[in-house]
Structures are given as C-alpha cells and as structure tokens.
Amino acid sequence: LVARSTTPLQISQAEYLRAPVLRYPPAALSARREGSVGLKVLVGEDGHVMDVVVERSSGYAPFDEAARAAVSAALFKPYTVNGEPRIVLVRIPIDFTLKRRG
C-alpha cells in the first residue's frame, strides 16, 4: 500500500464540468474599467472547489471578489493519477475586458 501525499499536486490546467460564470461589476462597467485577477484554486477529489485565493490582485476589489465568486461556484473535472482522484492546486487567470464595438 502506497501512502498518498496530502500535498496537493500543482497542475497547469484544469478542465471544467461547469465553467465559472463571470459577473462584471456594474460600477466597473459604467466606469469602463478592465483588469485581470490571478487566482490559486484548490480543487477537491470530487471536482468541487475547496479554496480560492487571490494570488495577483487586479488592484480593484470588485474584480477580485467577482473572480473569486465565479470560480468558487465552478465545478472541475476530477483530476486523476493512475485512476485515483487527487486534490490539485491550479492557477487560473480571470480577465475582465470590455467588448470593443466593431
């Protein structure tokens, strides 16, 4: 029997079963603000989000909070190693960009 490490595996990309739904903060919309947030996300063996930490702030709290909330509600495809589900840590960038008018 091999003891599994309790340290989460760091992976570079995760697949979503239910992608985050990003809500653009209304105040940012009216001010035409844009930004990006870097999140560190701990995903459980079942694909549910266990923890979300803002690793790189956008410098604008409503963006940071909206990104955190969106990713917290997402569902990931469980990550497996040799068929065994594992707890993983993945970095996710979230960009708030306004659509350009054609």
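1. Is E15 buried or exposed? E15 is exposed, with a relative accessible area of 52%, where exposed stands for over 50%, buried for under 20% and partly exposed for what lies in between, using a 1.4 Å probe and protein chains only. The model is predicted, and local features need pLDDT of at least 70, side-chain atom pairs count only at pLDDT 80 or more, and totals for chains, interfaces and linings use all residues. Residues are numbered from 1 along each chain as its sequence is written, and side-chain values use heavy atoms, with hydrogens and water left out.

2. The structure holds three salt bridges, a salt bridge being a side-chain nitrogen of Lys or Arg within 4 Å of a carboxyl oxygen of Asp or Glu. In one of them K77 pairs with E15, the closest N and O atoms being 3.8 Å apart. This pair links distant parts of the chain, since K77 sits in the loop between β5 (75-76) and β6 (79-81) and E15 in the loop between β1 (9-11) and β2, 62 residues apart; helices (H or I, at least four residues) and strands (E, at least two) are DSSP runs numbered from the N terminus.

3. E55 forms a salt bridge with R91, with 2.9 Å between the closest N and O atoms. Because E55 lies in strand β4 (residues 49-56) and R91 in strand β8, the pair ties together parts that are 36 residues apart in sequence.

4. A further salt bridge joins the side chains of E65 and R68 (3.6 Å, N to O), and both residues lie in helix α2, three residues apart, about one turn of the helix.

5. D64, also placed in helix α2, is buried yet has no salt bridge, and R56, the nearest side chain of opposite charge, is 8.6 Å away; here Lys and Arg count as positive and Asp and Glu as negative, while His and the chain ends are not counted.

6. The structure holds five aromatic pairs, in which rings of Phe, Tyr and Trp (its six-membered ring) have centres within 6.5 Å, with planes under 30 degrees apart called stacked, over 60 edge-to-face and the rest tilted. Among them, Y24 and F63 are edge-to-face, at 5.6 Å centre to centre and 85 degrees between the planes. Y24 lies in the loop between β2 (16-18) and α1 (26-30) and F63 in helix α2 (residues 61-72), so this pair ties together parts that are 39 residues apart in sequence.
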